[in-house]
Amino acid sequence: MIDERAEVRKGAKVKIDLIAKKNWTGRVLVGFMFDGDKTPLAIPGDEGKSFAAVAAGEKFTGQFKKTSLLRAGFGDSPHAGTVPAGATKLILAGLGKRKEFELDRVRSATAKALKQAEEIGTESIGLLVPDNKEVRGELADFAAAVVEGAILSSYRFDKYRTPKPDEAKPVGELTLVFANTKNLSVAMRKAVGEAVSRSEAVCFTRDLANEPPSPKPPEKMAEIATGLAKKGRITVQVMHKAELEKLGMGGILRVGAGSHQPPCLVHLTYTPAGKSKQTVVVIGKGITFDSGGISIKPSAGMEAMKDDMAGAGSVLGLFKWLGSVDVPVTVHGLAPFAENMPGGGAQKPGDVIRHFNGKTAEVISTDAEGRHLLADCLAYGSTLKPDLMIDIATLTGACVVALGDEYSALLGTDQRTIDRLISVGRQQGEFFWQLPLPDRYKSHLKSKVADMKHVGKPGIAGTITAGLFLKEFVGEGVPWVHIDIAGPSFTKEDWDYTPAGATGVPLRTIAALLRKGV
Ligand code: BES
Ligand code: ZN
Ligand code: ZN
């Protein structure tokens with residue numbers, strides 16, 4: 001059982017409010033500043049100039065990811081009287097040079113400001129929202145990025161930890177302070193509300209992947225997925241062992257056969273309120289623990305394999321988000337869950353697996369298990385006749401070698417979507433890079449006993465040959481993109497606004513893609 005206390009991650013949820021500046025009564029205020037500007041944003045004129053001058057005395061000129069803390073006049077503070085009326089402290093957060101501005105910098109700068117607030121023991125802050133004229137792009141996008149930076153950076157997975165008395169508490173309350181009340185519009189409130197839902201969906205995905213492996217077997221994941229169908233226009237169907245056998249899902253069944261926890265397939269469906277323009281299938285690898293099976297992994301670092309369901313976690317997170325928004329497309333989420341274990345019934349190297357579309361694969365390493373689950377789902381998803389099919393998987397260690405831990409690999413047949421994912425991802429601070437899918441390497445998968453081997457040559461193009469294997473299961477004419485998140489699904493160190501642990505990548509990019517239709 002997942003511990004119920006997961007729902008109340010103490011201090012991890014940030015309460016967000018919007019208010020006119022004249023009504024704000026807080027003590028600590030955050031303002032942004034571009035490197036090279038004479039004043040911080042939203043504090044123009046002489047007042048702004050004097051803050052900038054004091055900050056510059058501390059060598060702060062708005063450099064990206066740097067902050068400066070200005071205190072009101074206590075004793076002999078050199079900044080006596082420099083902080084706006086009401087506030088006792090002002091935190092300036094650098095956005096870097098104007099010409100290098102990207103929206104993602106707002107998330108990072110907000111996270112830095114919150115960290116500074118945390119260090120001075122503040123649990124509630126105000127944040128000055130600039131005026132339209134001061135920023136490039138839509139102001140609502142800027143405010144949404146602030147909200148995301150705040151919620152995503154204050155996430156903690158601490159349900160199994162006893163709080164230490166001297167530990168700094170993350171900021172629990174963030175008020176967006178508007179000098180120009182015209183900006184405090186219905187549209188602004190809507191954008192902020194959406195940013196909250198998006199961020200909470202990411203935190204939900206992180207919770208699933210951070211959860212230890214034993215409390216989240218396939219059936220438990222199905223139970224959580226079923227809970228998502230209570231909201232919005234979402235339905236769910238869970239296919240258990242008997243049904244998977246009837247359907248011929250040999251990949252899911254054989255991978256799950258080494259565990260006493262039976263595998264299952266979750267099929268979530270979102271139907272739009274208005275007319276559905278398109279159909280999208282999103283598939284996520286859901287290995288709740290990857291021991292490698294009979295081809296067992298080395299024990300060092302194996303604990304990270306609790307995260308091998310991060311693809312399926314993103315699919316569930318996507319549906320959590322879909323429970324609170326309107327998107328113009330029908331979305332099918334397929335999340336196959338299995339535990340890859342070396343039990344008595346486990347698949348063995350040399351076995352032949354027959355997948356949903358009838359194609360057979362010779363098993364070389366039982367540690368290359370994810371592609372069998374995806375193969376069944378890609379073939380099954382193709383029967384839904386989608387306009388786009390995306391699969392998300394922590395699929396290959398080779399991908400981490402090629403692209404590191406911050407870039408996901410994209411491979412597939414839909415170049416337009418690949419290009420969109422790269423550019424949308426950049427705005428979201430989620431990074432993608434395309435790898436080729438050349439027919440020339442198909443020969444690596446030749447088998448003498450089955451239609452193909454399921455892995456290529458050792459040490460050679462492992463991410464690409466995995467992609468070529470998957471392609472065999474994509475229906476004729478179905479536009480398809482495979483996302484290998486083996487690197488970015490999990491981080492050992494804190495990123496700008498992503499604490500160490502499961503990251504929730506690439507949920508925000510997929511959400512942004514679906515928002516506008518595909
Ligand atoms: N889950 C792993 C891939 C992985 C590795 C994800 C590191 C995240 C970090 C996958 O099931 C696997 O073990 N793949 C093998 C395939 C090989 C046997 C062809 C790999 O990459 O080593
Ligand atoms: Zn594996
Ligand atoms: Zn795996």
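I count a residue as buried under 20% relative accessible area, exposed over 50% and partly exposed in between, with a 1.4 Å probe and protein chains only. Helices (H or I, at least four residues) and strands (E, at least two) are DSSP runs, numbered from the N terminus. This is a predicted model, where local features need pLDDT of at least 70, side-chain atom pairs count only at pLDDT 80 or more, and totals for chains, interfaces and linings use all residues. Residues are numbered from 1 along each chain as its sequence is written, chains are lettered from A and ligands numbered from 1 in the order written, and side-chain values use heavy atoms, without hydrogens and water.

Entry, helix α3. I found 14 of its 15 residues buried.

Entry, zinc ion (ligand 3). I took as donors N, O and S atoms within 2.8 Å of the metal (3.2 Å for Na, K and Ca); water is not among the atoms, so sites may look incomplete. K285 (NZ), D290 (OD), D308 (OD) and E369 (OE) coordinate this ion at 2.0 to 2.4 Å. D308 counts as buried because its relative accessibility is 2%, and E369 is buried at 0%.

Entry, zinc ion (ligand 2). I list D290 (OD), D367 (O), D367 (OD) and E369 (OE) as its donors, at 2.0 to 2.2 Å. D367 is partly exposed, because its relative accessibility is 23%. The donor residues follow the spacing D-x76-D-x1-E.

Entry, the pair of ions. I asked which residue bridges the zinc ion (ligand 2) and the zinc ion (ligand 3). D290 does, and the two ions lie 3.2 Å apart.
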